[in-house]
Amino acid sequence: MSSDAVAAARKGRLKQRYDNEFRLVAGCVPYRVKKGDEGSNPCSSDAAEVEVLMISTPNRADMVFPKGGWEDDEDVYQAASREAMEEAGVKGDINRAALGHWVFKSKSSQNSTSPRGACKGYIFAMEVTEELESWPEQDTHNRRWVSPQEAYQLCRYDWMREALTALLERLSVIEPVAAAATPDLTDQAGMYMMLQASSDGAVALC
């Protein structure tokens, strides 16, 4: 673990990116692969054990993956990495092919058809390379390494289970359900078009 000095978490939404009335969000599923016996098939469950990192929030028994607002002085990959550091205290390598894209709706707008109060977000896989001993939001977010099976039980929202399934498919832990090409997401317009094409995506809180 690293004992790097704790940086302050970003607060407020002065730099927040929006697409019309949608708040743009980035996050990740942090994971690590614990190697098994040498000479084993690298894709078999005997050769490697995948764990994912989840974080808690106050007064909740379930858990979430780190995510938050994409700001105007960073690209979407930097935003996802920053959220992982601020909320979970980890750094790592982001895979630029998104695990998926979802529309997140705030609690107050769950029954509304208006985009007001909703978020558009991409979730990425992050292979963790460093765990910080202290991190900006550790007073409100505890972290915990769990197995995929436990993660499915702990996930607060269905979109998280979908993102976890996509990660396990990518790591060849389970058989792929479907394959889809993902464009480079540095361009905000490309992000909007993908999300617009799948407006029936998962709905959760942002």
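Just after H1, glycine 89 takes a positive phi of about 70°. The structure is a predicted model, in which local features need pLDDT of at least 70 and side-chain atom pairs count only at pLDDT 80 or more, while totals for chains, interfaces and linings use all residues. Residues are numbered from 1 along each chain as its sequence is written, and side-chain values use heavy atoms, with hydrogens and water left out. Helices (H or I, at least four residues) and strands (E, at least two) are DSSP runs, numbered from the N terminus.

**Helix H1**

- H1 has 13 residues and reaches 18 Å from its first C-alpha to its last, close to the 18 Å expected at 1.5 Å a residue; the expected span is 1.5 Å times one less than the number of residues.
- H1 is mostly covered, with 11 of its 13 residues buried, where buried means under 20% relative accessible area, exposed over 50% and partly exposed in between (1.4 Å probe, protein chains only).

**Aromatic pairs and charges over rings**

- A search of the whole structure finds 2 aromatic pairs, counted where rings of Phe, Tyr and Trp (its six-membered ring) have centres within 6.5 Å, with planes under 30 degrees apart classed as stacked, over 60 as edge-to-face and the rest as tilted.
- Tyrosine 77 and phenylalanine 124 form an edge-to-face pair, 5.3 Å centre to centre with 65° between the planes.
- Because tyrosine 77 lies in helix H1 (residues 76-88) and phenylalanine 124 in strand S7 (residues 118-131), this pair ties together parts that are 47 residues apart in sequence.
- Tyrosine 77 counts as buried at 4% relative accessibility, and phenylalanine 124 counts as buried at 0%.
- Tryptophan 102 and tryptophan 159 form a tilted pair, 5.7 Å centre to centre with 50° between the planes.
- That pair links distant parts of the chain, with tryptophan 102 in strand S6 (residues 100-105) and tryptophan 159 in helix H3 (residues 158-170), 57 residues apart.
- Tryptophan 102 is buried, with a relative accessible area of 4%, and tryptophan 159 is buried, with a relative accessible area of 1%.
- Arginine 32 lies over the face of tryptophan 145, at 4.1 Å from the ring centre, and lysine 120 lies over the face of phenylalanine 22, at 4.3 Å from the ring centre; the criterion is NZ of Lys or CZ of Arg within 6 Å of the ring centre and within 35 degrees of the ring normal.

**Strand S2 and its partners**

- In strand S2 (residues 22-35), 10 of the 14 residues are buried, so the strand is largely enclosed by the rest of the structure.
- S2 and S7 pair in the parallel sense over 9 bridges, where two strands pair if DSSP finds at least two bridges between them; the bridge partner of alanine 26 in S7 is tyrosine 122.
- S2 and strand S3 (residues 48-55) pair in the antiparallel sense over 5 bridges, with valine 50 in S3 as the bridge partner of valine 33 and glutamate 49 in S3 opposite lysine 34.
- Strand S4 (residues 67-69) runs antiparallel to S2 and is joined to it by 3 bridges, with glycine 27 opposite lysine 67 in S4.
- Strand S1 (residues 18-19) pairs with S2 in the antiparallel sense over 2 bridges, and in their hairpin, which has 2 residues between the strands, asparagine 20 takes a positive phi near 55°.

**Strand S3 and valine 52**

- S3 is mostly covered, with 6 of its 8 residues buried, and 4 bridges join S3 to S8, the two running antiparallel.
- Valine 52 lies in strand S3, counts as buried at 0% relative accessibility, and stands opposite valine 146 in S8.
- Valine 52 and proline 148 are 96 residues apart in sequence and 6.7 Å apart in space, C-alpha to C-alpha.
- Not counting residues up to four places away in sequence, valine 52 touches residues including Val29, Tyr31, Phe65, Trp145, Leu164 and Leu167.

Terms used
Contact means heavy atoms within 4.5 Å.
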